[in-house]
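Hello,

Here is the structure I promised to pass on. Have a look at it first, and my notes follow below.

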Amino acid sequence: MTTMNAAVVTAFDQPPQYSEFPVPEARGADEQLAEVLAAGLHPRVRTGASGAHYTSSGTLPMVPGIDGVARRDDGSLVYFVADDDVVGTMADRAVVDARRSIPLPSDADVPLIAAAMNPAMSSWVALRKRVTLTPGSSVLVLGATGNAGTAAVQLAKRLGAGRVIAAGRSRARLDALADLGADELVQLTDDTDATARSLADAASEIDVAVDYLWGEPTSRAIMAILTAREDKGRALDWVEIGGMAGPTIELPSVALRSANFRLSGSGQGALSPRGFLAELPSLIDELLAGAVALSPRVIPLSDVERVWNEPDVPGERIVFVP
Ligand SMILES: NC(=O)c1ccc[n+]([C@@H]2O[C@H](COP(=O)([O-])OP(=O)(O)OC[C@H]3O[C@@H](n4cnc5c(N)ncnc54)[C@H](OP(=O)(O)O)[C@@H]3O)[C@@H](O)[C@H]2O)c1
(Lines give C-alpha, C1' and ligand atoms only; values in the text may rest on other atoms or scores of the structure.)
Protein backbone atom coordinates (compact mmCIF):
# COMPACT_ATOMS: atom_id res chain seq x y z
CA MET A 1 0.00 0.00 0.00
CA THR A 2 1.42 3.39 -1.00
CA THR A 3 1.07 6.11 1.61
CA MET A 4 1.27 9.90 1.66
CA ASN A 5 1.57 12.59 4.33
CA ALA A 6 -1.76 13.98 5.41
CA ALA A 7 -3.74 15.63 8.20
CA VAL A 8 -5.41 12.63 9.76
CA VAL A 9 -8.39 12.71 12.13
CA THR A 10 -8.55 9.60 14.32
CA ALA A 11 -11.00 10.96 16.94
CA PHE A 12 -13.72 13.55 16.27
CA ASP A 13 -12.92 15.43 19.49
CA GLN A 14 -9.20 15.78 18.67
CA PRO A 15 -7.38 17.91 16.08
CA PRO A 16 -5.93 16.09 13.08
CA GLN A 17 -2.36 14.85 13.31
CA TYR A 18 0.23 14.95 10.56
CA SER A 19 0.80 11.32 9.69
CA GLU A 20 0.70 8.73 6.93
CA PHE A 21 -2.47 7.80 5.09
CA PRO A 22 -3.09 5.53 2.09
CA VAL A 23 -2.94 7.36 -1.24
CA PRO A 24 -6.49 7.48 -2.66
CA GLU A 25 -7.30 5.83 -5.98
CA ALA A 26 -8.57 7.69 -9.02
CA ARG A 27 -11.52 5.93 -10.64
CA GLY A 28 -12.99 6.45 -14.09
CA ALA A 29 -12.02 8.78 -16.89
CA ASP A 30 -12.87 12.01 -15.00
CA GLU A 31 -10.66 11.36 -11.99
CA GLN A 32 -6.94 11.88 -11.69
CA LEU A 33 -4.53 11.79 -8.78
CA ALA A 34 -2.89 15.20 -8.41
CA GLU A 35 -0.38 17.02 -6.21
CA VAL A 36 -2.12 19.25 -3.64
CA LEU A 37 -0.57 22.73 -3.47
CA ALA A 38 -2.84 24.40 -0.91
CA ALA A 39 -6.05 23.73 1.04
CA GLY A 40 -8.02 26.22 3.16
CA LEU A 41 -9.16 25.70 6.74
CA HIS A 42 -12.76 26.91 6.38
CA PRO A 43 -15.44 26.65 9.10
CA ARG A 44 -17.06 23.84 7.09
CA VAL A 45 -13.76 21.88 7.20
CA ARG A 46 -13.65 22.09 11.00
CA THR A 47 -17.29 20.96 11.20
CA GLY A 48 -16.54 17.99 8.94
CA ALA A 49 -13.46 17.03 10.95
CA SER A 50 -15.54 17.05 14.14
CA GLY A 51 -18.03 14.63 12.59
CA ALA A 52 -20.78 17.21 13.04
CA HIS A 53 -21.53 18.11 9.41
CA TYR A 54 -24.77 16.73 8.02
CA THR A 55 -22.86 14.99 5.22
CA SER A 56 -20.49 13.21 7.64
CA SER A 57 -20.53 9.42 7.34
CA GLY A 58 -18.83 9.08 10.73
CA THR A 59 -15.93 7.10 9.21
CA LEU A 60 -12.52 7.30 10.91
CA PRO A 61 -9.68 7.79 10.24
CA MET A 62 -10.40 10.59 7.78
CA VAL A 63 -8.51 13.36 6.02
CA PRO A 64 -10.25 16.76 6.29
CA GLY A 65 -10.41 19.41 3.57
CA ILE A 66 -13.20 20.22 1.14
CA ASP A 67 -11.36 22.11 -1.58
CA GLY A 68 -7.95 23.28 -2.69
CA VAL A 69 -5.54 23.98 -5.49
CA ALA A 70 -3.72 21.09 -7.15
CA ARG A 71 -1.17 20.52 -9.92
CA ARG A 72 -2.13 17.82 -12.41
CA ASP A 73 0.41 15.49 -14.04
CA ASP A 74 0.57 17.73 -17.13
CA GLY A 75 1.65 20.64 -14.89
CA SER A 76 -1.65 22.54 -15.12
CA LEU A 77 -3.23 24.09 -12.03
CA VAL A 78 -6.81 23.57 -10.95
CA TYR A 79 -9.11 24.69 -8.18
CA PHE A 80 -11.00 21.58 -7.10
CA VAL A 81 -13.73 20.52 -4.74
CA ALA A 82 -13.43 17.14 -3.01
CA ASP A 83 -16.25 14.63 -3.31
CA ASP A 84 -15.31 12.37 -0.43
CA ASP A 85 -15.85 12.96 3.28
CA VAL A 86 -13.18 10.38 4.21
CA VAL A 87 -10.26 11.42 2.00
CA GLY A 88 -10.24 15.22 1.72
CA THR A 89 -7.73 17.72 0.42
CA MET A 90 -5.31 18.18 3.34
CA ALA A 91 -2.71 15.75 2.06
CA ASP A 92 0.19 15.51 -0.40
CA ARG A 93 -2.09 14.01 -3.02
CA ALA A 94 -5.82 14.09 -3.76
CA VAL A 95 -8.23 12.84 -6.36
CA VAL A 96 -9.23 15.65 -8.70
CA ASP A 97 -12.45 15.13 -10.63
CA ALA A 98 -12.70 17.04 -13.90
CA ARG A 99 -16.42 17.54 -13.18
CA ARG A 100 -15.57 19.32 -9.91
CA SER A 101 -12.54 21.36 -10.88
CA ILE A 102 -11.78 24.63 -12.65
CA PRO A 103 -8.55 25.33 -14.56
CA LEU A 104 -6.42 28.14 -13.19
CA PRO A 105 -3.88 30.30 -15.01
CA SER A 106 -0.31 29.06 -14.52
CA ASP A 107 0.58 32.23 -12.57
CA ALA A 108 -2.52 32.12 -10.32
CA ASP A 109 -2.07 33.17 -6.71
CA VAL A 110 -2.42 29.66 -5.26
CA PRO A 111 -2.83 30.49 -1.53
CA LEU A 112 -5.34 33.25 -2.33
CA ILE A 113 -7.54 30.90 -4.36
CA ALA A 114 -7.34 28.22 -1.65
CA ALA A 115 -8.25 30.78 1.02
CA ALA A 116 -10.92 32.79 -0.75
CA MET A 117 -12.95 30.53 -3.02
CA ASN A 118 -15.03 28.97 -0.25
CA PRO A 119 -15.99 32.16 1.61
CA ALA A 120 -16.45 34.16 -1.60
CA MET A 121 -18.54 31.60 -3.49
CA SER A 122 -21.25 31.78 -0.85
CA SER A 123 -22.50 35.21 -1.86
CA TRP A 124 -21.32 35.03 -5.48
CA VAL A 125 -23.58 32.06 -6.15
CA ALA A 126 -26.43 33.35 -3.97
CA LEU A 127 -26.54 36.78 -5.60
CA ARG A 128 -26.22 35.42 -9.13
CA LYS A 129 -28.35 32.31 -8.93
CA ARG A 130 -30.70 32.38 -5.96
CA VAL A 131 -32.07 35.92 -6.35
CA THR A 132 -32.38 38.50 -9.07
CA LEU A 133 -30.17 41.38 -8.06
CA THR A 134 -31.33 44.34 -10.09
CA PRO A 135 -28.83 47.20 -10.54
CA GLY A 136 -29.02 49.64 -7.65
CA SER A 137 -30.64 47.13 -5.26
CA SER A 138 -30.24 47.44 -1.55
CA VAL A 139 -28.56 44.45 0.13
CA LEU A 140 -28.21 43.58 3.82
CA VAL A 141 -25.29 41.30 4.79
CA LEU A 142 -26.22 39.80 8.16
CA GLY A 143 -23.02 38.52 9.77
CA ALA A 144 -20.76 40.67 7.64
CA THR A 145 -17.74 40.58 9.92
CA GLY A 146 -16.49 37.09 8.97
CA ASN A 147 -14.56 36.32 5.81
CA ALA A 148 -17.62 35.23 3.83
CA GLY A 149 -19.64 38.22 4.99
CA THR A 150 -16.83 40.62 4.16
CA ALA A 151 -16.54 39.11 0.69
CA ALA A 152 -20.33 39.42 0.35
CA VAL A 153 -20.15 43.17 0.96
CA GLN A 154 -17.54 43.56 -1.76
CA LEU A 155 -19.12 41.17 -4.26
CA ALA A 156 -22.62 42.62 -3.83
CA LYS A 157 -21.18 45.94 -4.93
CA ARG A 158 -19.36 44.29 -7.85
CA LEU A 159 -22.65 42.72 -8.91
CA GLY A 160 -24.44 46.04 -9.01
CA ALA A 161 -25.92 46.62 -5.57
CA GLY A 162 -26.45 50.32 -5.01
CA ARG A 163 -26.47 50.20 -1.23
CA VAL A 164 -24.97 47.58 1.06
CA ILE A 165 -25.73 47.46 4.78
CA ALA A 166 -23.22 45.45 6.80
CA ALA A 167 -24.41 44.05 10.13
CA GLY A 168 -22.18 42.18 12.57
CA ARG A 169 -20.83 42.06 16.09
CA SER A 170 -17.24 43.24 15.89
CA ARG A 171 -17.00 47.06 15.88
CA ALA A 172 -13.46 47.00 14.48
CA ARG A 173 -14.42 44.70 11.60
CA LEU A 174 -17.51 46.75 10.84
CA ASP A 175 -15.44 49.91 10.65
CA ALA A 176 -13.05 48.17 8.26
CA LEU A 177 -16.04 47.27 6.07
CA ALA A 178 -16.76 50.95 5.50
CA ASP A 179 -13.48 51.08 3.54
CA LEU A 180 -14.46 47.96 1.60
CA GLY A 181 -17.72 49.35 0.22
CA ALA A 182 -20.33 49.09 2.98
CA ASP A 183 -22.65 52.11 2.88
CA GLU A 184 -24.14 51.57 6.31
CA LEU A 185 -23.02 49.68 9.38
CA VAL A 186 -25.22 48.11 12.04
CA GLN A 187 -23.61 46.70 15.14
CA LEU A 188 -25.35 43.64 16.59
CA THR A 189 -25.11 43.93 20.37
CA ASP A 190 -26.58 42.19 23.41
CA ASP A 191 -29.11 45.02 23.62
CA THR A 192 -31.61 43.30 21.34
CA ASP A 193 -34.13 46.18 21.32
CA ALA A 194 -31.50 48.71 20.30
CA THR A 195 -30.19 46.31 17.64
CA ALA A 196 -33.71 45.82 16.26
CA ARG A 197 -34.18 49.60 16.06
CA SER A 198 -30.85 50.05 14.24
CA LEU A 199 -31.72 47.31 11.77
CA ALA A 200 -35.17 48.76 11.17
CA ASP A 201 -33.68 52.21 10.55
CA ALA A 202 -30.93 51.03 8.22
CA ALA A 203 -32.45 48.03 6.47
CA SER A 204 -36.27 48.19 6.38
CA GLU A 205 -36.26 48.95 2.64
CA ILE A 206 -33.73 46.32 1.49
CA ASP A 207 -34.36 44.14 -1.55
CA VAL A 208 -32.12 41.24 -0.55
CA ALA A 209 -30.57 39.89 2.65
CA VAL A 210 -27.67 37.43 2.63
CA ASP A 211 -27.64 35.75 6.01
CA TYR A 212 -24.59 34.10 7.59
CA LEU A 213 -26.05 33.93 11.11
CA TRP A 214 -29.46 32.25 11.39
CA GLY A 215 -30.54 31.46 14.98
CA GLU A 216 -31.94 34.18 17.21
CA PRO A 217 -30.26 37.17 15.53
CA THR A 218 -31.99 36.21 12.27
CA SER A 219 -35.44 35.78 13.87
CA ARG A 220 -35.12 39.20 15.45
CA ALA A 221 -33.74 40.85 12.31
CA ILE A 222 -36.50 39.53 10.06
CA MET A 223 -39.26 40.74 12.35
CA ALA A 224 -37.62 44.14 12.96
CA ILE A 225 -37.22 44.74 9.23
CA LEU A 226 -40.64 43.50 8.15
CA THR A 227 -42.43 45.45 10.87
CA ALA A 228 -40.77 48.70 9.80
CA ARG A 229 -41.09 48.08 6.05
CA GLU A 230 -43.10 50.77 4.27
CA ASP A 231 -44.25 48.96 1.12
CA LYS A 232 -44.90 45.45 2.35
CA GLY A 233 -45.86 44.32 -1.15
CA ARG A 234 -42.35 44.97 -2.48
CA ALA A 235 -40.35 41.73 -2.65
CA LEU A 236 -37.72 41.03 -0.01
CA ASP A 237 -35.52 38.03 -0.80
CA TRP A 238 -33.85 36.58 2.30
CA VAL A 239 -31.14 34.06 1.43
CA GLU A 240 -29.84 31.78 4.18
CA ILE A 241 -26.15 30.96 3.68
CA GLY A 242 -24.54 30.16 7.03
CA GLY A 243 -25.51 29.22 10.56
CA MET A 244 -22.92 30.95 12.74
CA ALA A 245 -25.49 31.92 15.40
CA GLY A 246 -27.58 28.75 15.45
CA PRO A 247 -29.05 25.90 13.43
CA THR A 248 -32.74 26.84 13.75
CA ILE A 249 -34.95 29.91 13.91
CA GLU A 250 -38.35 30.63 15.32
CA LEU A 251 -40.37 32.57 12.77
CA PRO A 252 -43.92 33.80 13.35
CA SER A 253 -46.13 32.73 10.45
CA VAL A 254 -47.19 36.33 10.06
CA ALA A 255 -43.75 37.08 8.62
CA LEU A 256 -44.67 35.12 5.52
CA ARG A 257 -48.21 36.52 5.26
CA SER A 258 -47.81 40.18 6.11
CA ALA A 259 -45.20 41.02 3.49
CA ASN A 260 -43.82 39.83 0.17
CA PHE A 261 -41.10 38.00 2.07
CA ARG A 262 -39.33 35.18 0.25
CA LEU A 263 -37.07 32.87 2.18
CA SER A 264 -34.56 30.65 0.40
CA GLY A 265 -31.07 29.28 0.86
CA SER A 266 -27.86 28.97 -1.08
CA GLY A 267 -25.24 26.26 -0.91
CA GLN A 268 -23.93 23.33 -2.88
CA GLY A 269 -27.19 21.39 -2.58
CA ALA A 270 -29.38 24.33 -3.58
CA LEU A 271 -28.16 24.22 -7.20
CA SER A 272 -27.25 21.33 -9.44
CA PRO A 273 -23.51 20.50 -9.12
CA ARG A 274 -23.07 21.59 -12.73
CA GLY A 275 -24.95 24.83 -12.11
CA PHE A 276 -22.86 25.56 -9.02
CA LEU A 277 -19.57 24.87 -10.78
CA ALA A 278 -20.55 27.05 -13.73
CA GLU A 279 -20.45 30.11 -11.42
CA LEU A 280 -16.88 29.52 -10.28
CA PRO A 281 -14.70 30.54 -13.27
CA SER A 282 -16.07 34.08 -13.15
CA LEU A 283 -15.43 34.18 -9.40
CA ILE A 284 -11.84 33.07 -9.92
CA ASP A 285 -11.42 36.00 -12.33
CA GLU A 286 -12.79 38.36 -9.68
CA LEU A 287 -10.49 37.00 -6.99
CA LEU A 288 -7.41 37.15 -9.19
CA ALA A 289 -8.34 40.74 -10.05
CA GLY A 290 -8.31 41.58 -6.31
CA ALA A 291 -12.07 41.98 -5.78
CA VAL A 292 -12.01 40.45 -2.29
CA ALA A 293 -9.81 41.54 0.61
CA LEU A 294 -8.70 38.30 2.25
CA SER A 295 -5.17 37.30 3.19
CA PRO A 296 -4.11 33.67 3.22
CA ARG A 297 -2.13 32.67 6.30
CA VAL A 298 0.12 30.00 4.85
CA ILE A 299 1.07 27.19 7.25
CA PRO A 300 3.00 23.97 6.49
CA LEU A 301 0.64 20.99 6.65
CA SER A 302 3.04 19.39 9.13
CA ASP A 303 1.89 22.05 11.65
CA VAL A 304 -1.79 21.14 11.30
CA GLU A 305 -2.23 19.84 14.83
CA ARG A 306 -0.66 22.97 16.38
CA VAL A 307 -2.78 25.55 14.56
CA TRP A 308 -6.04 23.62 14.05
CA ASN A 309 -7.94 25.27 16.91
CA GLU A 310 -6.43 28.73 16.53
CA PRO A 311 -9.15 31.27 15.75
CA ASP A 312 -8.80 33.03 12.41
CA VAL A 313 -7.39 36.53 12.62
CA PRO A 314 -10.10 38.73 11.03
CA GLY A 315 -9.40 39.12 7.34
CA GLU A 316 -7.16 36.05 7.23
CA ARG A 317 -7.74 32.39 6.44
CA ILE A 318 -5.37 29.56 7.27
CA VAL A 319 -4.13 27.72 4.18
CA PHE A 320 -2.15 24.51 4.58
CA VAL A 321 0.60 23.74 2.11
CA PRO A 322 1.82 20.11 2.01
N1 LIG B 1 -23.71 28.16 1.78
C2 LIG B 1 -22.52 28.37 1.25
O3 LIG B 1 -22.33 28.31 0.03
C4 LIG B 1 -21.38 28.71 2.15
C5 LIG B 1 -20.06 28.85 1.64
C6 LIG B 1 -19.04 29.26 2.51
C7 LIG B 1 -19.33 29.49 3.87
N8 LIG B 1 -20.60 29.29 4.32
C9 LIG B 1 -20.92 29.51 5.74
O10 LIG B 1 -20.83 30.89 6.05
C11 LIG B 1 -20.55 31.05 7.44
C12 LIG B 1 -19.40 32.03 7.65
O13 LIG B 1 -18.22 31.51 7.07
P14 LIG B 1 -16.87 32.36 7.10
O15 LIG B 1 -15.92 31.71 6.19
O16 LIG B 1 -17.16 33.81 6.96
O17 LIG B 1 -16.41 32.12 8.63
P18 LIG B 1 -15.50 33.08 9.52
O19 LIG B 1 -14.54 33.85 8.68
O20 LIG B 1 -14.98 32.23 10.61
O21 LIG B 1 -16.51 34.15 10.11
C22 LIG B 1 -17.53 33.81 10.95
C23 LIG B 1 -17.98 35.06 11.68
O24 LIG B 1 -19.22 34.79 12.30
C25 LIG B 1 -19.40 35.76 13.29
N26 LIG B 1 -20.25 35.21 14.32
C27 LIG B 1 -20.15 34.03 14.95
N28 LIG B 1 -21.17 33.87 15.79
C29 LIG B 1 -21.94 34.97 15.70
C30 LIG B 1 -23.12 35.43 16.33
N31 LIG B 1 -23.73 34.69 17.27
N32 LIG B 1 -23.62 36.63 15.99
C33 LIG B 1 -23.00 37.40 15.07
N34 LIG B 1 -21.86 37.04 14.44
C35 LIG B 1 -21.34 35.84 14.77
C36 LIG B 1 -18.02 36.13 13.82
O37 LIG B 1 -17.97 37.53 13.71
P38 LIG B 1 -17.63 38.51 14.97
O39 LIG B 1 -16.15 38.49 15.03
O40 LIG B 1 -18.20 39.81 14.58
O41 LIG B 1 -18.26 37.94 16.19
C42 LIG B 1 -17.06 35.51 12.81
O43 LIG B 1 -16.14 36.43 12.32
C44 LIG B 1 -20.27 29.65 7.98
O45 LIG B 1 -21.46 29.17 8.58
C46 LIG B 1 -19.96 28.86 6.72
O47 LIG B 1 -20.22 27.49 6.87
C48 LIG B 1 -21.61 28.92 3.51
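**What I found**

Of the protein's 322 residues, 49% are buried, meaning under 20% relative accessible area with a 1.4 Å probe and protein chains only as cover. Please keep in mind that this is a predicted model, in which local features need pLDDT of at least 70 and side-chain atom pairs pLDDT 80 or more, while totals for chains, interfaces and linings use all residues. Numbering starts from 1 along each chain as its sequence is written, and side-chain values use heavy atoms, without hydrogens or water.

The fold has 10 helices and 15 strands, taken as DSSP runs (H or I of at least four residues, E of at least two) and numbered from the N terminus. The radius of gyration is 20 Å, close to the 20 Å of the globule rule for 322 residues, so the protein is as compact as a globular protein of that length. That radius is taken over C-alpha atoms, and the rule is 2.2 Å times the number of residues to the power 0.38.

β5 pairs antiparallel with β4 (residues 67–71) over five bridges, where pairing requires at least two DSSP bridges. Five residues separate these strands in their hairpin, and G75 has a positive phi near 95°. β5 is also joined to β7 (residues 101–104) by four bridges, again antiparallel.

Best wishes

Methods. Buried means under 20% relative accessible area, exposed over 50%, partly exposed in between (1.4 Å probe, protein chains only).
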